[in-house]
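Here is a brief tour of one protein model. It covers pockets and a pair of packed helices.

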Amino acid sequence: MVRLGNDWDALLKEEFESPYYKELREFLKQEYATHTIHPDMYDIFNAFRLTPYHKVKAVILGQDPYHGKNQAHGLAFSVQKGVDIPPSLVNIYKELNAEFGFQPPHHGYLGQWAERGVFLLNTVLTVRDASPNSHKNKGWERFTDRAISLLSQREEPIVFLLWGANARSKAKLIDQSKHLVLQCVHPSPLSAYNGFFGCNHFRLCNQFLTEKGIQPIDWSLDE
């Protein structure tokens, strides 16, 4: 049984006990036993562990974990220190620099954001090495859709930053009468110049939180 160590445990109890999740778990046991899978099995739920439900201020949705060696560690867009910063995260840092003047750190570890209330959720939580989307449609989407729906039910407002078609498809799960949904193209080098650069999402996020009487997010990162 998965233990997250915070209020997500009670909220997701039914999911962890459901038939589809048990099937997913059996699939993952086989995958981890026979292939190189990312992230490490103990890191799969790091987004939930680092950002308790009641502390979520903003949600950034990714799709698939990074599929290269030592990259994925359970937080969307983040890599461990010492690993090359992926191109999409380089572009996220560029946008932050344009909005706030922040000098980007020399690493891609976003754990500080998670601890400050930024829920860095991938819609699929595992992947085979060098095989993007290899764990698509195995049950993870149902699980993460439930997490998004639970966040939508919260009374305290949240900002959802949905970048790219996969993330934007989740807008229908969110009650936009309570929460702010910001949408644009993915920060990937393939699309960033078509609307990610200049989106001003980080400022708009903080503006909304401030208007709702919520402490805005410190988007800066220490070295």
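## Residue classes

Ala, Val, Leu, Ile, Met, Phe, Trp, Tyr, Cys and Pro count as nonpolar. Asp, Glu, Lys and Arg count as charged, and the others, Gly among them, as polar. The model itself is predicted.

## Second largest pocket

With those classes, the lining of the second largest pocket divides into 10 nonpolar, no polar and 4 charged residues. This pocket has a volume of about 350 Å³. It is lined by 14 residues, and the closest to its centre are Val2, Arg25, Met41, Ile44 and Phe45. Helix α3 (residues 19–34) gives the largest share of the lining, 5 residues.

## Largest pocket

The largest pocket has a volume of about 470 Å³. Its lining has 22 residues. Closest to the centre are Asp64, Tyr66, Phe77, Ser88 and His186. By class, this lining has 11 nonpolar, 10 polar and 1 charged residues.

## Two packed helices

Two packed helices are described by the angle between their axes and the distance between the axes. Helix α5 (residues 87–100) packs with helix α9 (residues 201–211) at an angle of about 60°. Their axes are 8 Å apart. The angle makes α5 oblique to α9.

Which residues meet where α5 contacts α9? From α5 come Ile92, Glu95, Leu96, Glu99 and Phe100. From α9 come His201, Phe202, Arg203 and Asn206. By class, the contact has 4 nonpolar, 2 polar and 3 charged residues.

Terms used. Residues are numbered from 1 along each chain as its sequence is written. This is a predicted model: local features need pLDDT of at least 70, side-chain atom pairs count only at pLDDT 80 or more; totals for chains, interfaces and linings use all residues. Side-chain values use heavy atoms; hydrogens and water are left out. On a 1 Å grid over the protein atoms alone, a cavity is a set of points where a 1.4 Å probe fits but cannot get out, and a pocket is an open set with protein on both sides within 12 Å along at least five of seven lines; lining residues have an atom within 4 Å of a point. Grid points are joined across faces, edges and corners, and a volume is the space filled by probe spheres set on the points. Helices (H or I, at least four residues) and strands (E, at least two) are DSSP runs, numbered from the N terminus. Axes are lines fitted to C-alpha atoms, for helices over the stretch in contact, and angles run from 0 to 180 degrees between N-to-C directions. Angles under 35 degrees count as roughly parallel, over 145 as roughly antiparallel, 65 to 115 as roughly perpendicular and the rest as oblique. Contact means heavy atoms within 4.5 Å.
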